[in-house]
Amino acid sequence: EDPHAKGLLFAGTGNGLHYSLNDGADWTELSTGLPHSPVSWVTVQKQFHDVVVSTYGRGFYILDDITPLEQMAKQATDTSVRLFTPRPAYRFVSGQNANLDFDLKAAPKGQIKVSIVDSDGKVVHEMEAGAHQGLNRKGWDLRYDKPQYIALRTTPDDNPHIWEEPRFRGQDFRPITHWGADEAQVGPIAAPGKYMARLIVDGETYQQPLEILKDPNSPASEQEIQSSVRLQLRVSDDITKVSDIDRKSVV
């Protein structure tokens with residue numbers, strides 16, 4: 001039984017893994033990403049809300065973040081759209097992620113929109129994506145949207161045929177491509193604190209609170225992290241301003 005949700009059960013069988021939202025009255029197979037094999041042990045990791053499965057012949061499998069199942073077991077709804085409350089996300093230096101899970105009774109007419117808003121009401125991240133009927137998951141890497149970068153339109157003296165290259169053919173601009181540029185073209189990681197996740201489906205808005213927690217192994221205080229993020233955002237804004245000047249001068 002899940003330690004966070006009474007009645008949410010997991011059962012390993014001779015050829016797979018099943019779960020029940022109603023204390024064993026009904027069972028559903030969990031087969032996505034897990035091949036048919038004998039399941040010898042199942043445990044729920046309490047802190048991160050993960051299910052860890054031991055199999056015979058197939059190794060270990062982890063079902064990452066079962067908070068949607070926990071909330072479905074605690075409260076069943078028949079709404080057309082359900083945005084689940086995200087589990088708290090840890091601000092790790094690498095591999096940080098927040099899962100935004102939602103259930104749709106029918107496929108949306110167009111793309112859905114997800115936005116993250118901070119405690120001051122400022123948009124941290126926005127994205128549009130496709131969605132399908134049933135349970136959906138969209139991930140956010142806890143980063144602010146990246147700034148607008150300069151687009152190069154000149155022809156370098158040492159490569160007068162650069163516009164003939166397949167990657168730039170038919171283009172009137174090209175990005176900066178020197179070593180390390182792509183990896184550095186990202187927004188800063190959001191500071192620990194309270195945020196709001198918003199989902200727009202067919203013109204209707206749904207929202208749930210999202211909390212970002214400090215890495216427990218980080219030596220920095222939350223105040224120091226917030227100060228660092230503010231500085232990075234100032235740099236990001238300045239990059240966008242310079243890029244806007246570049247674009248306006250061309251126009």
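This is a predicted model: local features need pLDDT of at least 70, side-chain atom pairs count only at pLDDT 80 or more; totals for chains, interfaces and linings use all residues.
Student: How many aromatic pairs does the structure hold?

Tutor: A pair of aromatic rings is described by the distance of the centres and the angle of the planes. The structure holds 3 aromatic pairs. In one of them, the ring centres of Phe48 and Tyr90 lie 5.5 Å apart with the planes at 50°, so this pair is tilted.

Student: Where in the chain do Phe48 and Tyr90 lie?

Tutor: Phe48 belongs to the loop between β4 (39–45) and β5 (50–55), and Tyr90 to strand β8 (residues 89–91), so the pair ties together parts that are 42 residues apart in sequence.

Student: Is Tyr90 buried or exposed?

Tutor: Tyr90 has a relative accessibility of 16% and counts as buried, because the cut-off for buried is under 20%. Phe48 is partly exposed, at a relative accessible area of 27%.

Student: What is the arrangement of the rings of Tyr90 and Phe92?

Tutor: Their centres are 5.6 Å apart and their planes meet at 15°, so the pair is stacked. Phe92 is partly exposed, with a relative accessible area of 27%. Phe48, Tyr90 and Phe92 form one aromatic cluster.

Student: How many cavities of 30 Å³ or more does a search of the whole structure find?

Tutor: The search finds 1 such cavity. The volume of the largest cavity is about 30 Å³. Its lining consists of Asp65, Thr67, Phe84, Thr85, Pro86, Arg87, Asn99 and Asp101. By class, these lining residues divide into 2 nonpolar, 3 polar and 3 charged.

Student: Which residues are the closest to the centre of the largest pocket?

Tutor: The largest pocket holds about 370 Å³ of space. It is lined by 16 residues, and Asp118, Asp120, Tyr144, Tyr195 and Arg230 are the closest to its centre. Two or more lining residues come from each of β11 (123–129), β13 (193–201) and α3 (222–250). The largest share, 4 residues, is that of α3. The lining has 8 nonpolar, 3 polar and 5 charged residues.

Student: Which elements supply the lining of the second largest pocket?

Tutor: This pocket contains about 300 Å³ of space. At least two lining residues come from each of β2 (17–20), β3 (28–29), β5 and β6 (60–63), and β6 gives the largest share, 3 residues. Of the 14 lining residues, Leu30, Ser31, Thr32, Gly33 and Leu63 lie nearest the centre. The lining of the second largest pocket divides into 9 nonpolar, 4 polar and 1 charged.

Terms used:
Residues are numbered from 1 along each chain as its sequence is written. Side-chain values use heavy atoms; hydrogens and water are left out. Rings of Phe, Tyr and Trp (its six-membered ring) pair if their centres lie within 6.5 Å; planes under 30 degrees apart count as stacked, over 60 as edge-to-face and the rest as tilted. Buried means under 20% relative accessible area, exposed over 50%, partly exposed in between (1.4 Å probe, protein chains only). On a 1 Å grid over the protein atoms alone, a cavity is a set of points where a 1.4 Å probe fits but cannot get out, and a pocket is an open set with protein on both sides within 12 Å along at least five of seven lines; lining residues have an atom within 4 Å of a point. Grid points are joined across faces, edges and corners, and a volume is the space filled by probe spheres set on the points. Ala, Val, Leu, Ile, Met, Phe, Trp, Tyr, Cys and Pro count as nonpolar, Asp, Glu, Lys and Arg as charged, and the others, Gly among them, as polar.
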